[in-house]
Each structure stands twice: as structure tokens, then as C-alpha cells.
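Please keep the sequence and the structure in view while reading.

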Amino acid sequence: MQSSHTKPARSEWRVTVGGEQTTAVFEPAATATDGAVFVFAHGAGGQMNDRGMLQTAAALVSRGLSVVRFNFLYKEKKSGRPDPMPRLKECVTAVVARTRDEIGPKKLIIGGRSMGGRAASMLAAEAFASGG
């Protein structure tokens, strides 16, 4: 976890999801921040480095929000067929856990584009329903 006195640096992580691994990239906020990090999942036809993901991440980073972009496992394996929703949610959960371990954000926001946003919102709804 980063010290509260130093600005975290951009970094790339290998994140374990079950018996596989995927890639995630942490981009720190460009300006003073309240410690919030947005874990940003791509859509079914995209990946973490597609134009829309990069443009959205850059806009958020420039406005003071740190961002973690990542690939779902099927994209890491260069497959065009999305994983089933339970596997997508498992991947988001693993990236969130790694973000907490690496950065220790004061606030953590999960979301994404299309399918990635759906997986993140389903996780958030499940936590809300269970009181978590």
C-alpha cells in the first residue's frame, strides 16, 4: 500500500483471477485528489486500451480521479467471446481487491462501459442487498 505522504505512480499489475491472470493499469489522478479510485471495466467488444477507454480514463484522471483499467480474462486470452457473468464479476472482484491492496483508496468506485458496467453494478447491487 502506498504511503499517505507520496503520490502513487502509474503502474501495471498482473492480477490473479482463479487460476488465471489478467492485466490492470493504475493511473493516478493528475491533480490533488480526495483519494478516490475508479475501477473501470471495458465493454464486450472492447478492451482496456481501446480508444474509448483511454479517452474516458484520461478525462477522469485530468479531473482528479485515479483510474484502474483492466482486461477481462477472455480479452487477455484474445478471445472475442465474453466470459459468463459469474466469471466477469469474479474478475472485477479480483481487480478491486488488488486495488485495495496496492493503493488503499479512501473511496473506491466500480463501473464501466456496457457489459463491464453491468458486471460492476451487479456486484454493487449484491453488496447492497447483503448489507455489505
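## Cores and a covered strand

In this predicted model, the largest nonpolar core has 23 residues, and those with the most contacts inside it are Trp13, Val15, Val68, Phe70, Phe72 and Val92. Two or more residues of this core come from each of strand 1 (11-17), strand 2 (20-27), strand 3, strand 4, helix 2 (73-76), helix 3 (85-103) and helix 4 (115-129), and helix 3 gives the most, with seven residues. Leaving aside residues up to four places away in sequence, valine 92 touches Phe70, Phe72, Ala119 and Leu123. A second, separate core consists of eight residues, among them Met53, Ala57, Leu65 and Val67. In soluble globular proteins, nonpolar side chains tend to be buried together.

Strand 3 (residues 36-41) is mostly covered, since six of its six residues are buried. In a regular strand the side chains alternate between the two faces of the sheet. In strand 3 both faces are covered, with Ala36, Phe38 and Phe40 buried on one side and Val37, Val39 and Ala41 buried on the other.

| Partner of strand 3 | Sense | Bridges |
|---|---|---|
| Strand 5 (residues 107-112) | parallel | six bridges |
| Strand 4 (residues 66-70) | parallel | five bridges |

Within these pairings, alanine 36 has lysine 107 of strand 5 as its bridge partner, while valine 39 stands opposite valine 68 in strand 4. Together with helix 1 (residues 51-62), strand 3 and strand 4 make a right-handed β-α-β unit.

How values were computed
Residues are numbered from 1 along each chain as its sequence is written. This is a predicted model: local features need pLDDT of at least 70, side-chain atom pairs count only at pLDDT 80 or more; totals for chains, interfaces and linings use all residues. Side-chain values use heavy atoms; hydrogens and water are left out. Buried means under 20% relative accessible area, exposed over 50%, partly exposed in between (1.4 Å probe, protein chains only). Helices (H or I, at least four residues) and strands (E, at least two) are DSSP runs, numbered from the N terminus. Two strands pair if DSSP finds at least two bridges between them. A crossover is right-handed if, with the strands pointing away from the viewer, the path from the first strand over the helix to the second runs clockwise. A nonpolar core is a set of buried Ala, Val, Leu, Ile, Met, Phe, Trp, Tyr and Cys residues joined through side-chain atoms within 4.5 Å. Contact means heavy atoms within 4.5 Å.
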